[in-house]
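Please keep the model open while reading.

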Amino acid sequence: MATPEAPPPSPASLACTLPYPDRWHAAANFVAHPPPGACVLSDEQRLLLHALHQQASVGPCTGQKPWGWNVVEAAKHDAWSQLGNMTSMEAMRLYVKALEEPQPDWWTLTNQRASGTPRSSRGSFRTPAEKDPSVRGGSLVGEPGVWNAVQPRGKPPAPRYEHAVASLGGSMFVVGGNCGGRYLGDVWALHMDSFLWENVQTSSAVPQVPGPFEDGKGERPHVLPPCAGHVLVPWGSSLLCIGGHTKAKDRKARMGVWVLDKGSLTWSKLCVIGEAPPLRGAHTATLIGSRIYIFGGEDFARRPQSDLYILDMADTAWRTPDPPQAPDDTATPVSTPPSTSISQGPSARSAHVAACVAGRFLLIFGGGSVAHCFNDLWCLDTQTMAWHQPGTSGEPPCPRAGHAADVLDGRWYIGGGGNNAHGCTDLVSLDISSLGGGGLNRTPLRWEAVATSALRDPVASEGLSLLAAPAVGCLVAFGGYNGKYHNSVATFRPKDISDADSAAQPLPPSTSAAVPSSPMKQRPAGSTSTAAAAKAPAQSGDAHAQAVPLANGDASANGNTAVNKLRGSQLGNTASPHAAPPRSSSLQPSGRRSLTQEESRLVGLTAEVEAARAEAAAAKESAAMELAVLRHQLAKTQQALAQAEQGRDEANASLADAQGRVFKLEVAVAEGAKQAQQVAELEKELARYRKLAEEEAGQGRKRASTGLWGYISGAPAAPS
């Protein structure tokens with residue numbers, strides 16, 4: 001028998017074992033002198049590391065802020081000063097934590113540089129597919145029944161949420177999304193056979209996808225603009241990108257449909273006959289037959305919608321839904337669960353999920369409006385165009401929006417999302433096998449909680465994606481936002497039918513134990529789960545052993561309570577002078593077995609408590625680091641706001657000064673006009689005086705030329 005290959009090293013095995021402050025010195029040396037193979041840190045990461053290094057080595061920032069034109073030094077001063085009175089030890093721990101986020105294998109690289117061991121060109125995480133190319137992706141899905149964090153090969157996409165995913169040709173395509181308020185337009189593919197990320201380089205080209213296009217004159221269309229809240233729908237060998245929020249310069253009044261051809265990797269805009277729906281995002285687009293049913297979403301003003309549109313790909317035309325029809329008795333009977341109500345359809349909502357069932361029914365779940373989140377389930381019969389609310393059994397999920405869902409093996413899995421109070425950490429499934437089956441089966445659809453995760457796990461995010469991968473038999477989750485943008489990948493493999501049957505068998509009442517699903521984590525091969533440890537006392541057949549449930553929400557408190565109860569029980573059974581004696585000596589071995597079992601359970605619970613405390617400490621460190629990052633971002637935002645307000649005040653002052661100068665100029669112009677009028681009047685008066693003077697001068701010359709006798713005789717004056 002071949003020896004099974006050892007699993008890939010877990011992140012815990014790559015962690016530095018040095019104590020503080022030696023661990024911090026090693027991390028600082030790694031950042032100052034990165035070895036070959038180290039990742040390139042972003043400007044924000046380098047700025048945060050610099051601030052934490054100054055806080056750890058110098059202490060709180062007490063110097064004056066550099067001159068405003070020195071942007072780099074001013075940013076360093078702001079980042080350092082935002083740490084306040086943080087202790088040196090806490091700054092050291094956050095420094096190492098901030099380095100482990102982009103470079104989890106920094107300690108391994110440091111040891112390899114010291115020992116001269118070459119590093120693999122593909123990174124420190126070596127998957128089974130790298131070791132043996134014949135190994136398929138099914139070996140990477142991890143333990144069934146829990147979320148498993150996986151690390152695909154290759155460079156991952158940037159963190160994002162509100163992106164769109166679709167399966168085409170055995171690969172998961174990721175398009176666009178939102179990261180920090182910036183819309184993305186890139187395309188990535190995760191190949192399921194090798195778990196390898198690929199950055200797909202697309203371009204704009206002459207239309208090569210069947211169907212009429214907007215560029216009827218043969219002009220080259222534009223590529224897909226950066227967007228978020230859109231939907232990807234596989235169609236043949238292409239992907240249809242429908243709707244989504246875009247920048248203001250790319251915004252159109254009507255919804256557009258883009259086509260990505262897998263063969264040529266080119267984008268083309270599809271020209272659809274008829275009037276398109278108004279532009280929207282956070283909607284659903286579900287392919288049923290050759291029609292795509294588009295429901296809900298929100299417009300560019302973030303107003304939720306409740307309308308339904310149909311894109312008929314048979315003739316590439318927009319259709320308006322037909323009015324509901326009466327049931328046809330001659331039609332083939334289809335299994336539908338009992339409906340609790342029939343109305344005009346779901347209320348206005350966005351960020352909901354939809355699924356196609358039995359090639360006929362459209363299921364809608366959850367979503368939110370401006371101030372409310374929903375957990376109602378709706379079903380649209382596309383043959384009669386009538387909305388129903390199917391009957392269900394089991395505990396329904398809590399209200400949520402921004403969640404993700406997909407169908408796998410007759411079950412509709414819904415995970416992630418959030419509401420106005422908190423994020424949703426559960427993964428639930430809806431058994432839809434009875435919907436659309438043969439005969440008139442009136443069995444309600446059954447809700448079931450199948451897994452849970454920690455509140456800070458990426459799978460408990462909003463705007464994540466969830467895609468079924470039937471080839472490897474698992475669900476693949478990617479991205480999301482829960483206070484932090486994620487680009488991690490997690491898989492969930494449902495339990496086999498045999499495992500489900502064995503898990504469904506109830507334990508005896510005196511030995512049954514409530515064991516929650518484990519949070520998302522990487523489990524090495526051969527690890528012992530909490531459920532196995534909890535079942536150990538039950539298998540001994542002791543009728544006096546009682547299991548104590550351990551909840552994920554408050555593991556430390558519940559664990560301590562359980563330990564105290566067990567310790568009190570043991571002390572009471574051994575040290576109480578009033579304890580009743582055994583009825584016979586044959587019961588004493590049973591009592592000793594019970595005590596041994598209680599001791600073993602005490603050891604197990606103590607280990608659980610220690611693990612919970614370690615996890616809480618790690619969560620505290622992560623929260624402190626994220627708080628520092630948020631403080632830094634808040635400081636940058638406040639600084640930008642202060643600069644904007646200062647610029648506004650300066651502009652107002654300049655405007656007031658300009659208005660004053662304009663007023664003075666207007667007064668000067670009025671005075672000048674008045675003076676010009678006076679000058680004109682004076683010129684007229686002067687001209688009149690000149691004329692009078694000339695006339696008088698002419699008469700005087702005439703009298704002087706004739707003399708007295710000539711004047712008396714009236715003789716004409718002699719010419720001069």
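The notes below cover the basis, the sheet and the salt bridges.

## Basis

This is a predicted model: local features need pLDDT of at least 70, side-chain atom pairs count only at pLDDT 80 or more, and totals for chains, interfaces and linings use all residues. Residues are numbered from 1 along each chain as its sequence is written, and side-chain values use heavy atoms, leaving out hydrogens and water.

## The open sheet

Four strands form an open sheet in the order β1-β29-β28-β27, with antiparallel pairing. Strands are DSSP E runs of at least two residues, numbered from the N terminus; two of them pair if DSSP finds at least two bridges between them. β1 (147-150) and β27 (465-469) are the edges, each with a single partner strand, so one side of each lacks a neighbour in the sheet.

Strands β28 (residues 474-478) and β29 (residues 489-492) pair over 4 bridges, in the antiparallel sense. Phenylalanine 478 stands opposite valine 489 in β29.

## Salt bridges

A salt bridge is a side-chain nitrogen of Lys or Arg within 4 Å of a carboxyl oxygen of Asp or Glu. The count is 21. Aspartate 186 meets arginine 160 at 2.8 Å, N to O. Aspartate 186 lies in strand β4 (residues 182-191) and arginine 160 in the loop between β1 and β2 (164-168), so the pair ties together parts 26 residues apart in sequence.

Buried means under 20% relative accessible area, exposed over 50%, and partly exposed in between (1.4 Å probe, protein chains only). Aspartate 186 is partly exposed at 25%; arginine 160 is buried at 0%. Aspartate 376 also forms a salt bridge, with arginine 349, at 2.8 Å between the closest N and O atoms. Both aspartate 376 and arginine 349 are buried.
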